[in-house]
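Please look through the sequence and the model below, and then follow the briefing topic by topic.

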Amino acid sequence: MSAIDSEHSAPTTSPLVERPPRPRTGLRRFRVDVGGEYAVNGLIGLIFSCTGPVAVILAAGAAGSLTEAELASWIFGVFFLNGILTVLASWTYRQPLAFFWTIPGTVVVGSALGDLTWPEVIGAFIATGVLVLALGLTGWVRPVMDALPVPIVLAMVAGVFLHFGVELVQALGSDVGIAAPMVGAFLVLSASPRMGRWIPAILGALIVGAVMTVASGRFDPEPATAGAIAHPVFTAPVWSWPAMIELVVPLAITVLVVQNGQGVAVLRAAGHQPPVNAATIACGVWSLGAACVGAVSTCLTGPTNALISASGTRARQYTAGIVCGLLAIVFGILAPTFVRLMLAAPEAFVATLGGLALLRALQNSFTGAFGGKYTMGALIALLITVADVKFLHIGAPFWGLVAGVAVSWTLERADWRSPRAA
């Protein structure tokens, strides 16, 4: 390990909150470390977050008959507020630490809005933030994360990421005019290191896809029905036991285990040591702030962290997180305009871009899951996660992780007795 890499390894830890590395990051260092490759990775991370995941928010809002202003406020909260946290965390810990929102938690909220009012959901958001913050302050989260076998966690991550690869292949069959040129550009630039230094492969795919979309006449945004600038909407919370029972525990589990678990596993696979306790506390605090503007709970996201740490020197990848966070702040401010433009792109464009961007992360997840120990537990975690069966309003990734650990503990006792392979 080089001197630079060792400086960016695990931060010094205190009994509760992990301490940032020294010396602190300064503007001069950031200007030296940032580069085109990292800026592109940050841009791709944002593009991923503001396409498909935003559509999940819009679907949840439609289920609850939310107003356009309430939806714009939700989207403002998950981008503007979490963008600030992403910049602060990536700068402080000198690691790519992207915080956005829990996508499976958003799906849970969408299903609950058929029975609950929006103020009741806001009350559940606040209670979830308090619960996550309390658990973070206990210091229990980091030991639990450290105790989980890495291959089983990576198998769960592979199960979550797998549908992005499948959708990439499906896009080639359903919309070859958009998807095939993007894949071709990605392969050519990936195979040519000289060209790839000037235009990263994923940026080339993005440019080609945008050109093909416009040339085919399929970029047709809807007329603007709201202002260009987002205006936060503050909704007074209502406390109700049905909302607490239906939402708080599932949301907390998706934040702490599913989403943060993915984020921690992805970053560890990339060679980082994310500050688990600090991230948990930050998720609790920011979830409280997000709830005030009608936004779902904050989490350390898996896919976006995979994208911003996908390439480049490990010691400089934190700059991709900072770029992603800065762009998220701008996106949050201009949420009504950007959402309208993003949703005007063909589905194949979004699916192909997301699939290509996550190919390397998907490969690393499978390699880490099935390259050594705990392979039966990893297989069970993968199968249950891919099956996407929910139980008690909690998504399949959580149950895949639980079942994978249980099966591995039962059938692979020798792996548990010997030191685990990271």
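Between which two helices does the loop with S309 lie? S309 lies in the loop between α15 (302-308) and α16 (318-333), where helices (H or I, at least four residues) and strands (E, at least two) are DSSP runs, numbered from the N terminus. This is a predicted model, in which local features need pLDDT of at least 70 and side-chain atom pairs count only at pLDDT 80 or more, while totals for chains, interfaces and linings use all residues. Residues are numbered from 1 along each chain as its sequence is written, and side-chain values use heavy atoms, with hydrogens and water left out.

**S309 and its surroundings**

- S309 is buried, with a relative accessible area of 9%; buried means under 20% relative accessible area, exposed means over 50%, and partly exposed is in between (1.4 Å probe, protein chains only).
- Leaving aside neighbours within four places in sequence, S309 is in contact with P96, V266, L267, A270 and Q317, where contact means heavy atoms within 4.5 Å.
- The side chain of S309 also reaches the backbone oxygen of N305, at 2.6 Å.
- The C-alpha atoms of S309 and A269 are separated by 9.8 Å, although these residues are 40 residues apart along the chain.

**L307 in helix α15**

- L307 is found in helix α15, and this residue is buried, with a relative accessible area of 4%.
- Not counting residues up to four places away in sequence, L307 touches N41, I44, G45, F48, A357 and L358.
- Between the C-alpha atoms of L307 and V208, which are 99 residues apart along the chain, the separation is 19 Å.

**S49 in helix α3**

- S49 is found in helix α3 (residues 36-49), and at 3% relative accessibility S49 counts as buried.
- A polar contact of 3.0 Å joins the side chains of S49 and T304; a polar contact is a pair of N or O atoms within 3.5 Å, and within protein one must be able to donate a hydrogen and the other to accept it, while residues adjacent in sequence count only if both atoms are side-chain atoms.
- When neighbours within four places in sequence are left aside, the residues in contact with S49 are V54, F79, F100, W101 and T304.

**Backbone details in loops**

- The peptide bond from R22 to P23 is cis, with omega near -5°, and P23 is found in the loop between α1 (3-7) and α2 (27-33).
- R94 has a phi near 50°, a positive value in a residue other than glycine; R94 is found in the loop between α5 (68-93) and β1 (99-101), and is buried, with a relative accessible area of 1%.
- Y374 has a phi near 60°, again a positive value in a residue other than glycine; Y374 is found in the loop between α19 (359-370) and α20, and is buried, with a relative accessible area of 1%.

**The salt bridge**

- Side chains of opposite charge can pair when their charged atoms come close.
- The structure holds one salt bridge, a term that stands for a side-chain nitrogen of Lys or Arg within 4 Å of a carboxyl oxygen of Asp or Glu.
- In this salt bridge the side chains of R29 and D33 meet, at 3.6 Å from N to O.
- Because R29 and D33 are four residues apart in helix α2, they are separated by about one helical turn.
- R29 counts as partly exposed, at 23% relative accessibility, whereas D33 is buried, with a relative accessible area of 11%.

**Cysteines**

- A disulfide is a covalent bond between the sulfur atoms of two cysteines.
- A search of the whole structure finds zero disulfides, where a disulfide is taken as a pair of cysteine sulfur atoms within 2.5 Å.
- The sulfur of C292 is 16 Å from the closest cysteine sulfur, in C283, and so is too far away for a bond.
- C292 is partly exposed, with a relative accessible area of 40%, whereas C324 counts as buried, at 0% relative accessibility.

**A nonpolar surface patch**

- F370, M376, L379, L383 and L411 make a nonpolar surface patch of about 440 Å².
- Patches are made of residues with over 30% relative accessible area and no salt bridge, with like charges joined within 9 Å and nonpolar side chains (Val, Leu, Ile, Met, Phe, Trp, Tyr) within 5 Å; accessible areas come from the Shrake-Rupley method with a 1.4 Å probe, and for residues only the protein chains shown count as cover.
- Helix α20 (residues 375-387) gives the largest share of the nonpolar patch, three residues, and L383 has its place in helix α20.
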